[in-house]
Amino acid sequence: MPRTGEETRQRILDAAESLILGHSLAGTSIDMVLEKAGITKGAFFYHFKSKSDLAKTLMERYARQELVILNESLERSERLSRDPLQQLLIFIGLLQEMSDRFLESGAGCLIASYFYQAEKIDPEIREIAAETIREWHQKLTRKFEEAIALYPPHFPVEPEYLADGLVGTVEGAFILVRVLQEPQQLEAQIANYRNYIELLFTPK
């Protein structure tokens, strides 16, 4: 069956994402995308004006996916518990459960793969990525504020740094997965972060 235009477009995006995760944005050429997607140059330029246009569209898609994960996981945790600390622990547990899914397309975060070589990143792409991280930061910070109000932590902590710590844990785990070739590192590091939160807040 012939491919539809949307199928071809998604095929290009999927190929580009896989290549960028493996080679970075700077290390991925249009020719590499053509070969991996199995399409002609004409088909590529029918859907995307340039490599920069492809990069922006791919980041927009990735940002939408990330926010779906954030919002659906938070909503699920809120349905399962009314306690903000338990909601956070459930949320982190859901990220653990999704570890295999995160690794399916190749170990890595598309935002990190773009910004490892950030000198020539388009300002629009940078803003899309920044807005995604800010959304995670704001919603998780709010949850940590609620938890701190009910469960004074054993040590002085700032809710925004706890929120950023979860994002940093996941990003750092992706690096360990790649360097050590140990896929289990992602789930293990998220589990360690969850243990830290429990120890920080659980009454002695």
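## Starting at Thr28

Leaving aside residues up to four places away in sequence, Thr28 touches Leu19, Ile20, His23, Val33 and Lys51. Keep in mind that this is a predicted model. Thr28 sits in the loop between α1 and α2.

Is Thr28 buried or exposed? Its relative accessibility is 4%, and the cut-off for buried is under 20%, so Thr28 counts as buried.

## The cavity beside the loop

Thr28 is also one of the residues that line the largest cavity, together with Ile20, Leu25, Ser29, Ile30, Val33, Lys51, Leu54 and Ala55. Two elements give two or more residues to this lining: α2 (30–37) and α4. The top contributor is α4, which gives three residues.

How much space lies in the largest cavity? The value is about 50 Å³, and the structure holds one cavity of 30 Å³ or more. Sorted by class, the lining of this cavity comprises six nonpolar residues, two polar and one charged.

## Where α1 meets α4

The axes of α1 and α4 come within 10 Å and cross at roughly 90 degrees. An angle from 65 to 115 degrees counts as roughly perpendicular, so that is how α1 and α4 are arranged relative to each other.

On the α1 side, the contact is made by Arg9, Gln10, Ile12, Leu13, Asp14, Ala16, Glu17 and Ile20. The α4 side supplies Leu54, Thr57, Leu58, Arg61 and Tyr62. Taken together, the residues of this contact divide into seven nonpolar, four charged and two polar.

## The largest pocket

Tyr62 of α4, part of the contact with α1, turns up again in the largest pocket, where Tyr62, Glu66, Ile69, Phe102 and Gly108 are the lining residues that lie nearest the centre. In total, 23 residues line this pocket, and about 610 Å³ of space lies in it.

Which elements give two or more residues to the lining of the largest pocket? They are α1 (5–23), α4 (51–80), α6 (99–103), α7 (110–115), α8 (123–150) and α9 (159–180). With five residues, α9 gives the most.

Definitions and conventions
Residues numbered from 1 in each chain as written. Predicted model: local features only at pLDDT ≥ 70, side-chain atom pairs only at ≥ 80, totals over all residues. Heavy atoms only, no water. 1 Å grid on protein atoms, 1.4 Å probe; cavity = no way out; pocket = protein on both sides within 12 Å on 5 of 7 lines; lining within 4 Å. Points joined across faces, edges and corners; volume = space filled by probe spheres on them. Helix = DSSP H or I, 4+ residues; strand = E, 2+ residues; numbered from the N terminus. Axes fitted to C-alpha atoms, helices over the stretch in contact; angles between N-to-C directions. Parallel < 35°, antiparallel > 145°, perpendicular 65-115°, else oblique. Contact = heavy atoms within 4.5 Å. Nonpolar A, V, L, I, M, F, W, Y, C, P; charged D, E, K, R; others polar. Buried < 20%, exposed > 50% of the residue type's maximum accessible area, 1.4 Å probe, protein only.
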